[in-house]
Amino acid sequence: MLLSANDMLIFIAFAVLTGVSLWILLRPLRAGSALSATDRSEGEVALYRDQLDEIDRDLERGVIAPAEAEAARIEVSRRLLAADEERSKAHIASSDPRWRKATALLLVILVPLLALGIYLAEGSPGMEGQSFAERMAVPPEELPLEGLVIRIERHLKKQPDDLRGWELLAPVYLELGRYEEAANAWTRAMMAGGVSAGRLAARGEARVLADDGAVGPAARQDFEKAAELDPAEPRAQYFLGLAEIEAGDRDAALSRWNKLLASAPEDAAWVPSVRARIAAAERSPAVPQAEEAMIRGMVEGLAARLEDSPDDLDGWLRLVRSYKVLNEQEKARKAIASARAAFAGDEAALARIEEAEKTLAD
């Protein structure tokens with residue numbers, strides 16, 4: 001196969017890079033380095049010998065006293081002996097360069113062979129050269145998933161209001177585990193095509209996955225809005241049930257999921273998942289026995305606080321749910337009555353209290 005001019009330039013560039021890399025690797029192995037340990041030791045020995053000669057000259061000229069000269073000779077001689085010993089060690093280490101040559105030879109042979117082996121195993125040596133644009137200009141079904149994402153992203157940069165593009169890209173992001181990007185893609189889809197129950201539920205699902213399976217406030221808001229727009233939206237009802245399980249309201253979750261199953265087509269793909277969730281919730285006790293004492297203590301503390309500060313509507317609703325979980329219906333009804341008395345005249349608060357009372361009958 002003949003190589004194009006571009007292919008030849010690429011091969012030459014890689015050859016030059018390989019040569020430079022080998023030169024850098026082999027440079028420390030050259031025996032004639034100007035900064036070798038032998039050269040340094042030789043210089044130190046010569047320096048200390050010059051210092052001994054200088055001491056003798058200073059003594060003859062009367063610059064230093066004999067006692068000082070003797071002390072200086074002893075110190076310089078000690079250093080000279082140490083430098084000479086280092087010179088001998090360096091000379092022995094550098095006298096046999098065979099290990100250097102063997103190492104250099106191995107690197108020269110193994111580096112290109114390793115690169116060639118990897119290319120033959122993982123690359124495509126028989127493929128004709130193609131530009132990136134040519135590789136992307138194939139039917140979508142022939143592209144790998146990552147290539148499809150790149151193509152759609154490039155298209156959406158030019159046409160950011162393409163609803164179909166965002167609705168195609170968001171599920172692919174989800175499949176690739178890019179959950180935050182999937183949520184953002186659904187946001188862009190709603191900007192382009194409007195808010196719908198399905199798009200809200202899909203964005204909420206992406207947010208749950210991004211939060212390691214927890215139904216956070218933003219995701220729950222998406223599901224609640226989706227359920228308002230379409231009470232039969234299955235993803236919204238399913239994840240709202242999970243949020244209720246996380247809040248300790250198992251009965252509310254079971255009621256929601258059973259209603260969802262009652263209206264579901266038998267061949268719906270999500271039906272087995274909901275049934276499995278219902279079975280798991282029914283097998284587990286509403287309150288684990290090991291935690292019941294602790295929970296009762298927390299509930300009693302909440303009830304005492306509400307007696308002193310009865311203007312906390314969320315606190316009353318939480319107390320009602322807690323009594324329901326503990327299967328203390330009478331206390332739950334008394335909490336409803338106390339909440340009504342505290343918020344008499346507040347229609348919005350009374351409506352929420354009425355909704356909480358309805359759950360006691362589920």
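Tutor: Contact here means heavy atoms within 4.5 Å of each other. The model is predicted.

Student: How do H15 and H16 run, roughly parallel or roughly antiparallel to each other?

Tutor: H15 covers residues 313-325, and H16 covers 329-342. Their axes lie 8 Å apart, at an angle of about 170°. Angles over 145 degrees count as roughly antiparallel. The two helices are therefore roughly antiparallel.

Student: Which residues of H15 meet H16?

Tutor: On the H16 side, the partners include Gln329, Lys331, Ala335 and Ile336. The residues of this contact divide into nine nonpolar, two polar and two charged. From H15 come Trp316, Leu319, Val320, Tyr323 and Lys324.

Student: What volume does the largest pocket have?

Tutor: Its lining draws at least two residues from each of H10, H11, H12, H15 and H17. The volume is about 870 Å³.

Student: Which lining residues are closest to the centre of the largest pocket?

Tutor: The lining has 25 residues. They divide into nine nonpolar, four polar and 12 charged. Closest to the centre are Glu244, Ala252, Arg256, Glu355 and Thr359.

Student: Over residues 129-138, how many contacts beyond four places in sequence does the model have?

Tutor: Mean pLDDT for the protein is 77, and 69% of residues reach 70 or more. Residues 31-35 stay under 50, with four contacts beyond four places in sequence. Residues 129-138 also stay under 50, and for them the number of such contacts is 14.

Conventions
Residues numbered from 1 in each chain as written. Predicted model: local features only at pLDDT ≥ 70, side-chain atom pairs only at ≥ 80, totals over all residues. Heavy atoms only, no water. Axes fitted to C-alpha atoms, helices over the stretch in contact; angles between N-to-C directions. Helix = DSSP H or I, 4+ residues; strand = E, 2+ residues; numbered from the N terminus. Parallel < 35°, antiparallel > 145°, perpendicular 65-115°, else oblique. Nonpolar A, V, L, I, M, F, W, Y, C, P; charged D, E, K, R; others polar. 1 Å grid on protein atoms, 1.4 Å probe; cavity = no way out; pocket = protein on both sides within 12 Å on 5 of 7 lines; lining within 4 Å. Points joined across faces, edges and corners; volume = space filled by probe spheres on them. pLDDT = per-residue confidence, 0-100.
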